[in-house]
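Hi,

Here is the structure I promised to pass on.

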Amino acid sequence: TPQTVARLSYNRLFTQPPLAQGTILGQSIRPQRSNLYEGSIEQQFGSNQTLKASYYQKTFRDQLDTGLLLEGTQIGVYTTVSLE
């Protein structure tokens, strides 16, 4: 109907790893990949009333976690861990 709007979207995101070594020196870090699915439906009732329902789901693969190599120090040496 003219007063109903449905939206669907998909987005595949690629996050390049930072310029940090892995937990094991020399180990390469895999890039983080994620999939985002979104959907919504909107219904307009009258001139000023709208009902909207939406849903999203985001899944990660090889999630990256970057932090200080030595916690509690001011040394700017970072390490990255790739979480399965």
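Ser34 sits in strand β3, which covers residues 32-45; strands here are DSSP runs of E with at least two residues, helices are runs of H or I with at least four, and both are numbered from the N terminus. Ser34 is buried, at a relative accessible area of 4% (buried is under 20%, exposed is over 50%, partly exposed is in between, with a 1.4 Å probe and protein chains only). Beyond its neighbours within four places in sequence, Ser34 is in contact with Asn11, Arg12, Leu13, Lys58, Thr59 and Phe60, where contact means heavy atoms within 4.5 Å.

Before going further, a word on where this comes from: this is a predicted model, with local features needing pLDDT of at least 70 and side-chain atom pairs counting only at pLDDT 80 or more, while totals for chains, interfaces and linings use all residues. Residues are numbered from 1 along each chain as its sequence is written, and side-chain values use heavy atoms, with hydrogens and water left out.

Now the overall layout. The protein chain has six strands and zero helices, so to speak a β-β-β-β-β-β pattern when read along the sequence. Of its 84 residues, 15% are buried. If you take the contacts between residues at least 6 apart in sequence, 48% of them join residues at least 24 apart. The accessible surface is about 6900 Å², and carbon and sulfur atoms account for 54% of that (Shrake-Rupley method, 1.4 Å probe; for residues, only the protein chains shown count as cover).

Strand β3 is also part of an open sheet of three strands, in the order β1-β3-β4, with antiparallel pairing (two strands pair if DSSP finds at least two bridges between them). β1 and β4 are at the edges with a single partner strand each, so one side of each has no neighbour in the sheet. On average, neighbouring strands of this sheet are turned by 10° against each other, direction ignored (axes are lines fitted to C-alpha atoms, for helices over the stretch in contact, and angles run from 0 to 180 degrees between N-to-C directions). Between β1 and β3 there are twelve bridges in the antiparallel sense, and Ala6 stands opposite Ile41 in β3.

Which side chains form the salt bridge? Arg7 and Glu42 do, with their closest N and O atoms 3.3 Å apart (the cut-off is a side-chain nitrogen of Lys or Arg within 4 Å of a carboxyl oxygen of Asp or Glu). Arg7 belongs to strand β1 and Glu42 to strand β3, so this pair ties together parts 35 residues apart in sequence. Arg7 is partly exposed at 41%, and Glu42 is partly exposed too, at 22%. A search of the whole structure finds one salt bridge.

The ring centres of Tyr10 and Tyr37 are 5.2 Å apart and the planes are at 40°, so the pair is tilted (rings of Phe, Tyr and Trp, the last by its six-membered ring, pair if their centres lie within 6.5 Å; under 30 degrees is stacked, over 60 is edge-to-face, the rest is tilted). Tyr10 is in strand β1 (residues 4-15) and Tyr37 is in strand β3, 27 residues apart. Tyr10 is partly exposed at 48%, as is Tyr37 at 38%.

Last, Gln49 in strand β4 (residues 49-61): Gln49 is exposed, with a relative accessible area of 53%.

Cheers
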